Amino acid sequence: MNWSALDRARTIAGPKFNRWLVPPAALAIHLCIGMSYGFSVFWKPMVNLLPNADALACKNLSTWDMLFTTTCNWTIPMVTPIFELFIAVLGIAAFIWGGWLEHAGPRKAGFIAAITWGGGLVLGGIGVIYHQLWLLWLSGIVGGVGQGLGYISPVSTLIKWFPDRRGLATGFAIMGYGGGAMVGAPLAVALMKHYGATPGINNVGMTLITMGALYFVVMSLGAFGFRIAPTGWKPLGWTPKDDGGKKYMITQNHVHLDKAWKTPQFWLVWGVLCLNVTAGIGVIAMASPMLQDVFGPHLLGLDISFDAVTPAQKAAIAASAAGLVGLISLFNSLGRLFWASMSDFLGRKATYAVFFILGIALYIAMPSMGHHGSAGLFIVAVCVILSMYGGGFSTVPAYLADLFGTQMVGAIHGRLLTAWSVAGVVGPSLIASVRQAQIDAGVPHNLVYDRTLYILALLLLGGMVCNLLVRPVDPKYHMTEEELKAERSKAHEQTVGKVAVEDTARGSLGFGGILAWAAVGIPFLIGVSIAIQKAAKLF
């Protein structure tokens, strides 16, 4: 391979390029790394790999011994840390390499993401085949690097291509992350079934290896599809919004990464994202069991107590509640595009205000919905909440670009994603501990979530306060002309003149562009169809 093809300078768009070719390249990467949300399909198969294991002998093994044993089955708490590693390392990797990405360019970062995410899955597959838990955990770290680089690699590029629709552009890419599980989870189930039909084949390990190889190819194609807008490029006939920063707070200046994270605005937006995600991820973590505990037999139209439910009816209730998982994936994904697009018209601050005001109202109302048996309204509330959870992720890059400028927005976004890492740990543990405390106190199962939902409403109230305090960045933090010129030099940017800008990247989408959109759109729509079919069980 000619490695110089990965250089940022080699990715500057030519005159025939069309900016609508960038979103499908970003989607190709995000649809792959978004499979992290679908890893729950592997948990049960992973803990039943050794049919002849001696459960009694394995019961007293230490965690250290379980890392290396080949004769004892793992437990679900032993394998689920893989997902936590994905999210934790995502934030760490984005924090560490965000500044490097601005200079290296999205193609190089995207290709390394393909190697580490695809390679992480292959490593996990090898760990499963040889039954080495330490290898499985290591795959979570390697894959997490791919998550971080893959997640932020298209952000700065998309924002610079779509200065007129920043929210829409980032919404398209980050929608893919929310929809990755809709595509990847059914694929994983089908592959495990396929490999399981052959005796002697470790179907889980082979599925991870196959998906790792497939994702490497797809993400590499996406990485090589990236092109960078020349400095000074803008859509024909478009002029930046200028309202003095009163409504939209869109600056035409730029703030360096080294200064951005020292501003009050950075930490306020960090709090906005962290609290919105903590509340949303709490609902994701408990959605299915919450629906079963709160409504129980009412999901089947039965007016009886949960104690009177037969085993067959319990299975039907669980199957019905499982349909909520499909709806969650759908609204989490589509909400990313919808709310980010709406933010182009409402403004980012106003969009987050909607998230917090509407979210607080829904969290406070949900216990009453449960008490009155209004399962339909309860499900609608969960879906709206999850759409705003996804919308928070897709709106925040445009929020940062508005406040700090576009020059280093990818690196600033990378630093901000540490909020996601914190929320990913705090949210589920907070919800689990509050729920268990309620159960231990003798609170009936259909009421144990009331206090939890009120706590989540308080978290959103904190996020709303942070959002209200956001103001335009003080001009003292803006880069000078000399600093901006030096930064663009490090990034090997090309500046186009007033005449050349009219002729740069003005090509048509063409047949190749239609194929690119079909390549990412068809799998996504198939995933949407499967999610809707699962959700139908609710009704």
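Predicted model: local features only at pLDDT ≥ 70, side-chain atom pairs only at ≥ 80, totals over all residues.
**Two helix pairs**

Two packed helices are described by the angle between their axes and the distance between the axes. Let's begin with helix 15 (residues 348-371) and helix 19 (residues 450-468), which pack at an angle of about 165° with their axes 9 Å apart. That angle makes helix 15 roughly antiparallel to helix 19, and their crossing is left-handed. On the helix 15 side, the contact includes Tyr352, Phe356, Gly359, Ile360 and Tyr363; on the helix 19 side, Leu453, Leu456, Leu460 and Met464 are among the residues taking part. By class, the contact of helix 15 with helix 19 has 17 nonpolar, 4 polar and 2 charged residues.

Next come helix 16 (residues 375-404) and helix 17 (residues 409-416), whose axes lie 10 Å apart at an angle of about 125°. Helix 16 and helix 17 are therefore oblique to each other, and this crossing is right-handed. Helix 16 brings Val396, Pro397, Leu400, Ala401 and Phe404 to the contact, where they meet Val409, Ile412, His413 and Leu416 of helix 17. Here the residues divide into 8 nonpolar, 1 polar and no charged.

**Spaces in the model**

Rolling a probe the size of a water molecule over the atoms shows where empty space is left. Over the whole structure, the search finds 4 cavities of 30 Å³ or more.

| Space | Volume |
|---|---|
| Largest cavity | about 80 Å³ |
| Second largest cavity | about 60 Å³ |
| Second largest pocket | about 640 Å³ |

Around the largest cavity you will find Arg8, Glu102, Lys160 and Ile228, among others. Helix 6 (81-104) and helix 9 (155-161) are the elements that give two or more residues to this lining, and helix 9 supplies the largest share, 3 residues. The lining of the largest cavity holds 4 nonpolar, 3 polar and 3 charged residues.

Which residues line the second largest cavity? They are Asn276, Ala279, Gly280, Phe355, Gly359, Tyr363, Ile385, Met388, Tyr389 and Leu460. Helix 13 (264-295), helix 15 and helix 16 each give two or more residues to this lining. Its residues divide into 7 nonpolar, 3 polar and no charged.

Finally, the second largest pocket is lined by 29 residues, with Pro163, Trp233, Trp238, Gln252 and Thr406 nearest its centre. That lining has 9 nonpolar, 9 polar and 11 charged residues.

How values were computed: Residues numbered from 1 in each chain as written. Heavy atoms only, no water. Axes fitted to C-alpha atoms, helices over the stretch in contact; angles between N-to-C directions. Helix = DSSP H or I, 4+ residues; strand = E, 2+ residues; numbered from the N terminus. Parallel < 35°, antiparallel > 145°, perpendicular 65-115°, else oblique. Left-handed = near helix turned anticlockwise from the far one by under 90°. Contact = heavy atoms within 4.5 Å. Nonpolar A, V, L, I, M, F, W, Y, C, P; charged D, E, K, R; others polar. 1 Å grid on protein atoms, 1.4 Å probe; cavity = no way out; pocket = protein on both sides within 12 Å on 5 of 7 lines; lining within 4 Å. Points joined across faces, edges and corners; volume = space filled by probe spheres on them.
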